[in-house]
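Hello,

Here is the structure for you to look through. My notes on it follow below.

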Amino acid sequence: MQRLKILFLGDASNYHSCLADALRRMGHKVTVVSNGSTWMNTRRDINLTRHPGKWGTAKYLLDVFMLLSQLRGYDIVHLINPAFFMELHLNRLRYIFDYLRRHNKHVFLSATTSDYYYAHVCQDCTTFRYSDYFVGDKPSPYYLSGGEADLKQWEAPLHKGYTMYFTPRLDGVVACLYEYYKSYEGAVAPGRLVYGGIPIDVKSIEPHFIAEPPKKVKFFLGQKSGRIELKGSDLLLDALRRTCDRYPGQCEMQVVENRPYQEYIELLSASHVNLDQLYSYTPATNALIGMAQGVVAVSGAEPEFYDFIGEHECQPIINVSPLVEGDIDAKLAWIVEHRDQLPLLSRQSREFVVKHNDSHIVAQRHIDFWNKVINKMQ
């Protein structure tokens, strides 16, 4: 097997850091440059953090341009999103992107977050039945509380122009979610897009399976400040409070916000059920980490997602839909009233992550895709 020299620029919820660890175990040389996903403080080889104020901005710019000489000579460069150094103006990013193209063999994108293409397909209200921005054809709570400005920003001439310049010059795109795969389907040439999935280092996560039906169901909700309406955490929390009031003595809840990664997973492991996202078709990092621990996820798990990954047997995620009024309350009530099902769902949750999101499996998908694209170009 060819040993690759790989550079990951930026990180999101431990995505690149976890993937890097798996690739190193497979014999590849990997460097991660990031700010540690801010408060999550994820592992990186080179720390690149912008501090507040004018001096912080000046130092950040100096750090970036002094770093450039180290960002050369890689077989693979993977960018966490189009704005891979989020603190930089897009005009400066274009210069750095061109530099990376000139001085490295191949540049790929990890489609891991909202961008121009995701915002664009959300607005057609047909690609997805619901999204962060629209529920059916009606604006979502997030859209009404500031999300409209996000959409306008993505479609502003500066962002759109940068995206149209950036995308055709990529060697390929690896999408971490079904939604992002659908977003890029018509944006890149055939054969240049693949679904990678979110990597979870399953072997490092000790399962705490629910051995028997609990007398009291322990619910967990982790929030990110600034993203509460975006993820639907506000509606999930309201429904959770109503459920705890409706079933006194039969359930309890723990709500945390902006915790470092290691502390977060320790808190999560003590729970039975993790409430993650409302507007997603798919389980994301928080849900998958909990599932690897044996914690049952309340999140997105639409039929389109299961069909997309070819999973028709192990479907342990409790799907909640913003399209159905009262759906969250009904699902949480079902959990409390049918807690005898939790031991089975607990074991199936880890089984699902082992099968679909183990970091070694996700890393191999990346390697197979890189080799496929590179071989076509030769």
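Helix α5 (residues 141-155) packs against helix α6 (residues 157-166) at an angle of about 50°, and their axes lie 4 Å apart. Helices (H or I, at least four residues) and strands (E, at least two) are DSSP runs numbered from the N terminus. Axes are lines fitted to C-alpha atoms, for helices over the stretch in contact, with angles from 0 to 180 degrees between N-to-C directions. The two helices, α5 and α6, are therefore oblique to each other (under 35 degrees is roughly parallel, over 145 roughly antiparallel, 65 to 115 roughly perpendicular, the rest oblique). Gln-153, Trp-154 and Glu-155 of α5 meet Pro-157, His-159 and Lys-160 of α6, where contact means heavy atoms within 4.5 Å.

This is a predicted model: local features need pLDDT of at least 70, side-chain atom pairs count only at pLDDT 80 or more, and totals for chains, interfaces and linings use all residues. Residues are numbered from 1 along each chain as its sequence is written, and side-chain values use heavy atoms, leaving out hydrogens and water.

Next, the sheet. Its 7 strands form an open sheet in the order β3-β2-β1-β4-β5-β8-β9, with parallel pairing; two strands pair if DSSP finds at least two bridges between them. β3 (46-47) and β9 (193-195) are at the edges with a single partner strand each, so one side of each has no neighbour in the sheet. Strand β4 (residues 76-79) runs parallel to strand β5 (residues 106-111), joined by 4 bridges. His-78 stands opposite Phe-108 in β5. Helix α3 (residues 90-103) packs on the sheet and touches β1 (5-9), β4 and β5. The direction of α3 makes about 130° with that of β5.

Regards
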